[in-house]
Amino acid sequence: MEFLDPALQRYAEKSTSHESELLRKIERETNLYVLKPRMLSGHLQGRFLSMISKMIKPKTILEIGTYTGYATLCLAEGLANQGRLITIDKNEELEARVRGYFMQSAVEGIEYIIGDASQIIPPLNHMFDLVFIDADKENYAHYFDLVIDKVNPGGFILADNVLWSGKVLDGKPDKDTRAIVQFNKKIKDDVRVKNVLLPIRDGISIMQKA
């Protein structure tokens with residue numbers, strides 16, 4: 001997942017605005033108590049997500065893949081007044097921890113749903129200004145197809161892990177890597193969006209709906 005020299009990575013982080021004490025707490029506790037802590041966005045990517053959200057000032061955000069809520073709270077920093085953020089995750093074991101973090105944040109307008117995003121998204125009666133996809137890689141293309149018609153014209157979709165630790169260049173890709181490679185091609189070829197793939201952390205694709 002780390003493409004930069006570690007010293008350059010540390011320099012980039014030191015040269016980036018601080019995150020909140022609650023976000024630092026979430027990162028510490030995720031690393032101490034939760035499986036696969038590398039899934040957490042972390043300081044640099046979190047500040048990037050916050051900046052993007054503040055630029056867009058979304059009234060509605062959809063996040064697919066909550067994990068421990070770090071990215072959720074970063075995205076929520078840019079919510080417009082009385083804005084709403086819906087975040088979906090299937091991991092029931094993390095629910096109490098994540099709800100606790102959301103309560104500590106005092107951010108209003110977060111709706112945290114436990115379940116299968118493929119079943120939850122279709123009946124949602126909302127149009128979104130910003131969508132963040134950070135869940136099971138095999139279903140990235142499926143999630144995109146589910147949300148594209150629920151994104152307002154000019155709205156944005158972000159997808160995480162689109163470089164997949166550099167495995168996208170592997171000559172013999174595994175199942176998840178193939179899914180990411182196919183997703184990246186699908187997005188580049190889809191006339192409904194314009195996109196830029198950025199090599200931030202594990203790769204973030206930014207798509208804007210026409």
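## A parallel pair in the sheet

Strands β4 (residues 128–133) and β5 (residues 151–160) run parallel and are joined by five bridges; strands here are DSSP E runs of at least two residues, helices are H or I runs of at least four, and both are numbered from the N terminus. V131 sits opposite I157 in β5.

This is a predicted model, where local features need pLDDT of at least 70 and side-chain atom pairs count only at pLDDT 80 or more, while totals for chains, interfaces and linings use all residues. Residue numbers start from 1 along each chain as its sequence is written, and side-chain values use heavy atoms, with hydrogens and water left out.

## The whole sheet

Zooming out, the open sheet has seven strands in the order β3-β2-β1-β4-β5-β7-β6, with mixed pairing (a pair needs at least two DSSP bridges). β3 (110–114) and β6 (193–198) stand at the edges with a single partner strand each, so one side of each has no neighbour in the sheet.

## Helices on the sheet

Helix α3 (residues 42–56) packs on the sheet and touches β1 (60–64), β4, β5, β6 and β7 (204–209), contact meaning heavy atoms within 4.5 Å. Its direction makes about 165 degrees with that of β4; axes are lines fitted to C-alpha atoms, for helices over the stretch in contact, and angles run from 0 to 180 degrees between N-to-C directions.

Helix α5 (residues 95–105) also packs on the sheet, touching β2 (84–89) and β3, and its direction makes about 180 degrees with that of β3.

## α7 meets α8

The axes of α7 (residues 140–147) and α8 (residues 175–189) come within 8 Å and cross at roughly 35 degrees. Here Y140, A141, F144 and D145 in α7 meet I180, F183, K186 and I187 in α8.
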